[in-house]
2 protein chains.
Amino acid sequence: MIQKYVFGQPVNTDAVVLDIPESQEEFSVMELTESDGIRLCCRMEEEDVVYGLGEQVRGINKRGFSYISYAEDDSIHIESRHSLYGAHNFLVLNRRNQKENPDGSRSFGIFVDDPGKVVFDVGETKRDQLVIQAGGDCVIYVIEGEGMKEIVKQFRRLIGQSYLPPKWAFGYQQSRWGYQNEEDVREVVKGHHDRGIPLEAVYLDIDYMEAYKDFTVDEKKFPEFKSFVGEMKGRGVHLVPIIDAGVKIEKGYPVYEEGVRNHYFCKDENGEDFVAAVWPGRVHFPDVLNPEARAWFGGKYEILMEQGIDGFWNDMNEPAIFYSEKNLKKVMEEVISLKDENLDIDSYFHLTGIVAGLANNQEDYKSFYHNVDGVKLRHDKVHNLYGFNMTRAAAEAFGRIAPDKRTLLFSRSSYTGMHRYGGIWTGDNESWWSHILLSIQQMPSLNMCGILYTGSDIGGFASDTTEDLLMRWLEAAMFTPLMRNHSAKGTRRQEVYQFEHIEDFRNIIRMRYGLVPYIYSEYMKAALKDEMYFRPVAFDYPEDSFAYQVEDQLMVGESVMIAPVYVQNAKGRYVYLPEEMRMIRMRSLEDLTSQVIEKGCHYIGMELNELVIFVKKNHVLPLAVLENEVLTTADLAEADIKWIGFVEEPVEYVFYDDDGISGSCVPEKDWRKVTVRKTDLVY
Amino acid sequence: MIQKYVFGQPVNTDAVVLDIPESQEEFSVMELTESDGIRLCCRMEEEDVVYGLGEQVRGINKRGFSYISYAEDDSIHIESRHSLYGAHNFLVLNRRNQKENPDGSRSFGIFVDDPGKVVFDVGETKRDQLVIQAGGDCVIYVIEGEGMKEIVKQFRRLIGQSYLPPKWAFGYQQSRWGYQNEEDVREVVKGHHDRGIPLEAVYLDIDYMEAYKDFTVDEKKFPEFKSFVGEMKGRGVHLVPIIDAGVKIEKGYPVYEEGVRNHYFCKDENGEDFVAAVWPGRVHFPDVLNPEARAWFGGKYEILMEQGIDGFWNDMNEPAIFYSEKNLKKVMEEVISLKDENLDIDSYFHLTGIVAGLANNQEDYKSFYHNVDGVKLRHDKVHNLYGFNMTRAAAEAFGRIAPDKRTLLFSRSSYTGMHRYGGIWTGDNESWWSHILLSIQQMPSLNMCGILYTGSDIGGFASDTTEDLLMRWLEAAMFTPLMRNHSAKGTRRQEVYQFEHIEDFRNIIRMRYGLVPYIYSEYMKAALKDEMYFRPVAFDYPEDSFAYQVEDQLMVGESVMIAPVYVQNAKGRYVYLPEEMRMIRMRSLEDLTSQVIEKGCHYIGMELNELVIFVKKNHVLPLAVLENEVLTTADLAEADIKWIGFVEEPVEYVFYDDDGISGSCVPEKDWRKVTVRKTDLVY
């Protein structure tokens, strides 16, 4: 049951798709105070668990920290970071002993539809207190139901069906900020193909553009872009260019000129186009909250689609700001005023502070405006909608430009609702072992909030990777829909063929392709049925008194549990089995062994080059057996489907498959029931 | 066996105390190349483990990363940080299967006595390769022996006996950057005492000084410092002031004037006193590498000792530099030159880079000089000796000023050899759960390098702590010799009485006092016998094929294994027992239960307010039973000693105790053999 409460005069965020009447009942799941906005408060019992909040740091259980929904481009994802790039204001308080609660308090989900800053203090200030602080103008949805899955499913219905990517988006993808030109890309493709390593896409980071201008291609680097895109596609490789939020201010650049002429850019307090600086230097921000401007900006993607591009990633759309013209001027004046001072320590810290504070300055977010249906909205009040609507701009345009096919699209910044238009990647992480764990923990939280197409930068974006880190990360990301190796300029090269044990990497990536039938089937079913592809173990075993503590294992699709290694030099790890399962150990698609493991805690050895998965009893997975060389998901059409799993009695598996590209899915045809017997299994 | 190899013209660092003749044998444990300094290289087998390197990030097994010995004040101790505050160039390559190695290669320890930058690539670049890159002028010691403990012990004999602190330094200590004056300190003491929480010391961070001038006390804040020190001592509380490396440039300030007059400060390339800025603004650095200047600077501690002070912490002695006068001038000029530019992105990053790069700039370290026995040494070549010699300055002076007693002394920066003069704390960590684990992992590495008196900032220095983080951290630090709660200005207050469950905190700190007899006994034995107080589990169980993988448990003293919880919301953890042990669960000193647990992997529940320890078979610990209120270690003299442990047959324990303060230790009197029978145990 969903109840809707409206406070003040909320902006329509388009986060939800169901039109629900306002509740006539009193707001009762939390104590509500209206002062300085909306403050909600309730007690958490010792055993209660809080799930959700999408893209944030820390564990699956969000207790013990404060999270701030305010999209922020800060690449150091340390434990004390309160905001990342997205804002997903949905959480569920799981009252684990609700039957015994004297006051009858039950589990509930809450979604705070407020695109400005919202703070979730999940027991940071007081261990047993959940406090939510929102603005005064917002809509709050309270969801109650039988168990976690049911509450989440109701929320997912409320916010609408998740984005469906093309099947090729489930292949292995390679990215690096720094690939400059055709030759660089060819070398990367060759690097994989020469060693028989499948590769589905190569990403183009900001360097492909001419002077960082959106929707341009630098002709010096890519003299014949269209034919190069075709050449790569001939090798099975999609090129995926980045699109940034800021439009370069440059006379004669059509996107700039049109935007100025039609008032499609965000304005400052004087009605002038707001000037910030990002990669191209000075830019304006397209006012993607304005439907007309959104349609215009989205339409520009066609420039690249006409050249054969069928996938994009939207970046810098928190929006990130290196500096605003206004603030830079102020800071420079202050610095100059300090010139002849005998700089004392306070002045010194002031100096370093104001210079460091040029980027993503909170005051800048208060100094520009959107125009939505004639209403002027100050940016900071709707800050979290920017990335959402930039991505929506693209997706809505794809619906016009290429209505019959699915286009790959994901974004850095997001807000609830954007999951209908595209996915996200989890932003600029680091080559840290702790970020493998973080990426595992983020998956179910994102899935709860509708974001199914997602993954982290495998190997780590910033700082130098190592061979073992990359290998463990690939294994941990074996089932993430987006499986992309991405690294920053200036870091150690981390394409898998840069290392010594290339055969191991090849095996690991081939295993991914072997598993794509399962991954795709389970992804599509989850998306079409508003379910979670990645789930906390406790969601599948709600009565298990230990499962709720498990923070480093996930359920994936209907059959699998994963328990990746995320500690350097470890040769295995502890795993909790909530029931008897079959453990399948794969060194390659041709080298599988399996063993039934009983319920309980176990230490399981896992060598660096091994993938270990656990299959629930009476569950199976389709596995593509790659007789011929497979370099892309398209090659899978030729592969035999074999079955692996844990079968005592014949098992029925609903196997979703389709052509991988058509825009609409036809359940009758594509949802195929397969019966698998013990004798069908391969090992 | 220790072999010594001399390369080039090394500076005498005073790291070692044994005079060993140069080896006549060829250097053979690693492949040696002399080009661009000394490069050592060897292969590591898959199962080999590398231990050591003292204060660094990452695990007990150092494999998989590069570590740079170059003392650095950077407070964000993330996984990709290559240097912390100290430089400890000793590691042991443990060849786990040495019997089977075809080339007969055996485990060895190596100590690179080079006070400049040394890089240890422990399998970062190539997983199976250990590479050490040192300068061309250094002494290298190679140590071989039977097993890890024996190799470490030889190294420890080489570098001399570890510092002996007074017994009160093992009590619970409270610190916070921000305590301003008498009233603040009184409030902290009262905050503990009113709730019956023991407290041994309160630290005075930089604010106690007059304008951050070393060896001054601000009379506005502490109008009668000497009597205030006495007042606090009357309550059993020692005041421990901070001393910074930089001496404020201020006419009339005697330390400054004397230093200038006698040429006791480091000089720039023109022979002028080098000007840097730290807390007081512009400062000179005492040239503590120069014996005369060192004696002079050390003598200044007497100013505070005369007022009753008997403990110090030396800070900012990497030395940290906020900016140098010369570089600031250059940066300001560059910034001003950008004033009227239409700042493009390169210029912007240049601007933010040069301003951020003012602090701890590598060029600054190349632009000042030490004078050692008339020889001019450029700072960067001997950089890592600064903190060592500042601390040595103090300790050598204590030997003159207060020869009959032990004075508390520890430092932020250090180099091998400094362990003879004082301890270290592990610097400015964060209120991160991962930093509990880091602090556990640093302990054995530091102990290997002789640093026994050490501990981390409990609760975390920077960012906001939470009640559960602080409680788990106190439990994890139950046995660290330095048990200090320390936090930064501007963070959440984290004295234990600021939280809700004060009774739990009181119990935990009282447990510490109950355990002080064991902690002190084991610390002193380790120090006097050149052994390790904290050891990796594998050091005690070298034949165990699993123990070498254990990264989050430690052996402490001769009887105990600890396995602290370092994950938020966890209600227990996995523990590996290399043999049958007795698990003792303590909720308070009065509420103990115990249970024998068999060898192997176990999940052990550990509630937030519980201390769980494991005792080896036929081992015991003395436990002080606190009948009366105990507020300091001095009160322990009255306590009864009871015994806890795992006793089948009568067990003999060597119980070290002394008056806790005398400078010299008398083994005959203080090393008491006690026989403990099963019936002596208390539960």
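In chain A, A:F410 stands opposite A:G423 in strand β25. This is a predicted model, in which local features need pLDDT of at least 70, side-chain atom pairs count only at pLDDT 80 or more, and totals for chains, interfaces and linings use all residues. Residues are numbered from 1 along each chain as its sequence is written, chains are lettered from A and ligands numbered from 1 in the order in which they are written, and side-chain values use heavy atoms, with hydrogens and water left out.

**Exercise 1.** Find which strands run parallel to β23(A) and are joined to it by bridges.

*Solution.* Start with the terms: strands (E, at least two residues) are DSSP runs numbered from the N terminus, and two strands pair if DSSP finds at least two bridges between them.
- Four bridges join β23(A) to strand β19 (residues 311–315), and the two run parallel. Here A:F312 stands opposite A:L409.
- Two bridges join β23(A) to β25(A) (residues 423–425), also in parallel.

**Exercise 2.** Work out which way the side chains of β23(A) (residues 408–411) point, and whether they are buried or exposed.

*Solution.* In a regular strand the side chains alternate between the two faces of the sheet. Here A:L408 and A:F410 point one way, A:L409 and A:S411 the other. All are buried, that is, under 20% relative accessible area with a 1.4 Å probe and protein chains only.

**Exercise 3.** Describe how chain B is related to chain A.

*Solution.* Copies are superposed by least squares on the C-alpha atoms of residues with pLDDT of at least 70 in both. A rotation of 180° with 0.0 Å of shift along its axis places chain B on chain A, with RMSD 0.0 Å. The two copies are thus related as by a two-fold rotation axis. In chain B, B:I336 comes closest to that axis, at 3.2 Å (C-alpha).

**Exercise 4.** Explore the contact between the chains: how many residues take part, how much area is buried, and how many salt bridges are there?

*Solution.* 
- B:R127, B:K571 and B:Y574 supply 12% of the area that chain B buries against chain A, more than any other three residues.
- There are four salt bridges between the chains, each a side-chain nitrogen of Lys or Arg within 4 Å of a carboxyl oxygen of Asp or Glu. B:K571 forms a salt bridge with A:E46, the closest N and O atoms being 3.4 Å apart.

How values were computed. Buried < 20%, exposed > 50% of the residue type's maximum accessible area, 1.4 Å probe, protein only. Buried area = accessible area lost by both parts, 1.4 Å probe.
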